[in-house]
Amino acid sequence: MAEIAYLAGLAIRGSDSLDSPRHSAVVRITHWITTVSFFGLLVSGIAILIAHPRLYWGETGGVGTPSLIDLPIPFMIGHSGWGRYLHFLSAWISVLTGLVYAPFGLLSHHFGKNLLPARADLAWSRVARIVWNDLRWRRPTEEESLTYNAVQRLAYLAVVFVLFPLIILTGLAMSPAIASVVPLLRSGFGGQQSARTIHFFVAVALVLFLCVHIAMVCLAGFAGRVRAMITGYSGARKECS
Amino acid sequence: MSERLSRRKLIATGVVAAAGASGLGIAARLADRYGLIPPDDGGIYGVGETMTYAAQRVLVSRHALAREYTRSDISKIAPIKGAAPEDETYQRLLAGGFRDWRLKIDGLVARPSFFSLAELKRFPSESHVFHQACEEGWSFIAEWIGVPLSYVLNLVGVRPQAKYVVFFGFDTNFEAADKQTIKGKWNSIDMADAWHRQTLLAYGMNGQEFLPAGHGAPLRVRIPRQLGGKSTKYLSWITVTDTVKDIGKGFGAGGTERGFSWYAGI
């Protein structure tokens with residue numbers, strides 16, 4: 001309740017900047033499609049992983065050969081059938097969504113305007129202050145929550161331009177058919193098993209991002225942030241217009 | 001003003017929707033004609049499967065070759081998934097060194113034939129060192145010795161209507177009178193993989209002129225551009241067909257009836 005009252009106050013006071021939506025329609029729609037398909041990928045990815053929860057480096061690996069990491073999960077076969085069906089369906093939805101989002105981000109200057117941090121904001125002292133404020137769970141001021149800070153921008157850029165491409169490429173590198181056409185894709189990652197291992201760690205990084213992302217949404221006011229990502233406006237817009 | 005705009009918007013939306021729907025219809029018909037629809041195209045998962053299969057068949061060259069490794073890359077351990085058939089026929093053939101075994105090839109071929117192991121070994125022999133991954137996640141590199149499937153298909157003369165090559169092993173009830181009652185680890189591939197020059201009918205492995213029982217003796221197919229599960233073991237019967245709808249539940253593979261996608265080029 002406190003959050004809503006807080007944001008309602010923000011909406012009225014900051015009415016000028018609230019005339020244009022906090023998030024554009026394309027960002028909002030692609031955000032929620034990605035949310036659903038990410039959970040599809042995560043659940044099905046776990047279903048596939050538990051059939052053989054050991055990670056290797058190089059081209060090959062299996063029971064009886066040295067592993068890189070033995071995950072503390074029992075071997076559970078029998079889930080990778082539906083797991084693979086759901087994984088590739090969700091992957092297609094994610095990739096197609098990305099094919100809408102990425103050109104939009106470039107053409108509409110979404111990347112440049114909303115995600116690229118200003119050089120001055122990248123000073124260590126500023127970045128450290130942001131992280132320190134987040135760590136001691138200090139709510140952003142109303143002005144701060146109208147835009148992303150440098151740490152948020154860097155995190156989003158890393159997800160969009162590093163983690164997403166990396167998880168797609170390592171996924172493709174595991175495909176025997178794709179590897180026959182682009183052998184460099186597989187050998188570039190160090191082999192099929194290396195690609196599988198990197199795929200796993202990028203997935204872990206994305207899950208960590210998701211945890212921090214949700215924590216930050218809670219910190220900024222869950223209802224208002226979710227409302228902004230659904231309607232485009234965080235407060236009661238009608239009061240403003 | 002806003003009314004006119006909204007009407008224009010409505011018409012535009014309608015035109016886009018109609019174009020989209022008819023576009024999808026045309027796409028579906030074209031996809032079917034050019035063999036871009038997998039047998040397990042039903043349901044919501046079928047949408048993803050069809051996209052994967054169609055995208056790969058359009059974008060991946062049919063002639064692209066799987067990487068050939070050197071003999072020094074061969075894995076020390078070649079894990080085995082599933083045990084050799086336990087039925088009496090198989091055990092008897094195994095004990096007799098498969099001298100009485102015959103591979104039946106029929107269906108849409110000009111000359112339905114039976115081949116003995118000795119005959120297959122007299123055909124031009126090839127050796128390939130391939131990487132093979134299981135859908136579970138593990139993988140190994142092994143050398144496979146055999147005759148290209150395309151060589152045998154040319155011998156029996158494949159008819160132009162052929163769309164699939166179906167493999168039945170001893171672990172299927174391949175002698176079932178009605179193909180719809182067939183169960184087990186039968187599988188099928190499209191003609192792109194059937195004619196692919198690395199697709200092998202393998203009777204030997206890792207320098208030896210025979211397959212260990214667990215690896216599919218006397219004969220297995222090796223399809224290097226798909227996951228290992230497609231490489232059916234213990235072959236007994238190969239049939240060439242224009243549809244897999246009348247075999248088992250019509251999904252193109254016994255494994256697909258148990259929930260695993262038919263196309264495994266992933």
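## Close-ups of chain B

**View 1. Where chain B meets chain A.** In this predicted model, 36 residues of chain B are in contact with 31 residues of chain A (in contact means that the C-beta atoms, placed from the backbone, lie within 7 Å). Look for α2 (43–59), β3 (126–133) and β4 (139–148) of chain B: each of them supplies at least two residues of the side that touches chain A. Helices here are DSSP runs of H or I with at least four residues, strands are runs of E with at least two, and both are numbered from the N terminus. The biggest giver is α2(B), with eight residues. Sort the residues on this side of chain B by type and you get 18 nonpolar, 12 polar and six charged. For that sorting, Ala, Val, Leu, Ile, Met, Phe, Trp, Tyr, Cys and Pro count as nonpolar, Asp, Glu, Lys and Arg as charged, and the others, Gly among them, as polar.

A quick note on reading the model: residues are numbered from 1 along each chain as its sequence is written, while chains are lettered from A and ligands numbered from 1 in the order in which they are written. Since it is predicted, local features need pLDDT of at least 70 and side-chain atom pairs count only at pLDDT 80 or more, but totals for chains, interfaces and linings use all residues.

View 2. β3(B) and β4(B) run antiparallel and are joined by eight bridges; two strands pair if DSSP finds at least two bridges between them. Along the way, H128(B) sits opposite W144(B) of β4(B). Five residues lie between the two strands of this hairpin, and G137(B) in the turn has a positive phi of about 130°.

View 3. Three bridges link β7 (residues 200–205) of chain B to β8(B), and L200(B) has R222(B) as its bridge partner.

**View 4. The five-stranded sheet of chain B.** Here the order is β2-β1-β9-β5-β6, in an open sheet with mixed pairing. β2 (113–116) and β6 (187–190) of chain B each have a single partner strand, so one side of each is left without a neighbour in the sheet. Further in, β1 (residues 102–107) and β9 (residues 235–241) of chain B pair in the parallel sense over four bridges, and I105(B) faces I238(B) as its opposite residue.

How values were computed: Two residues are in contact if their C-beta atoms, placed from the backbone, lie within 7 Å.
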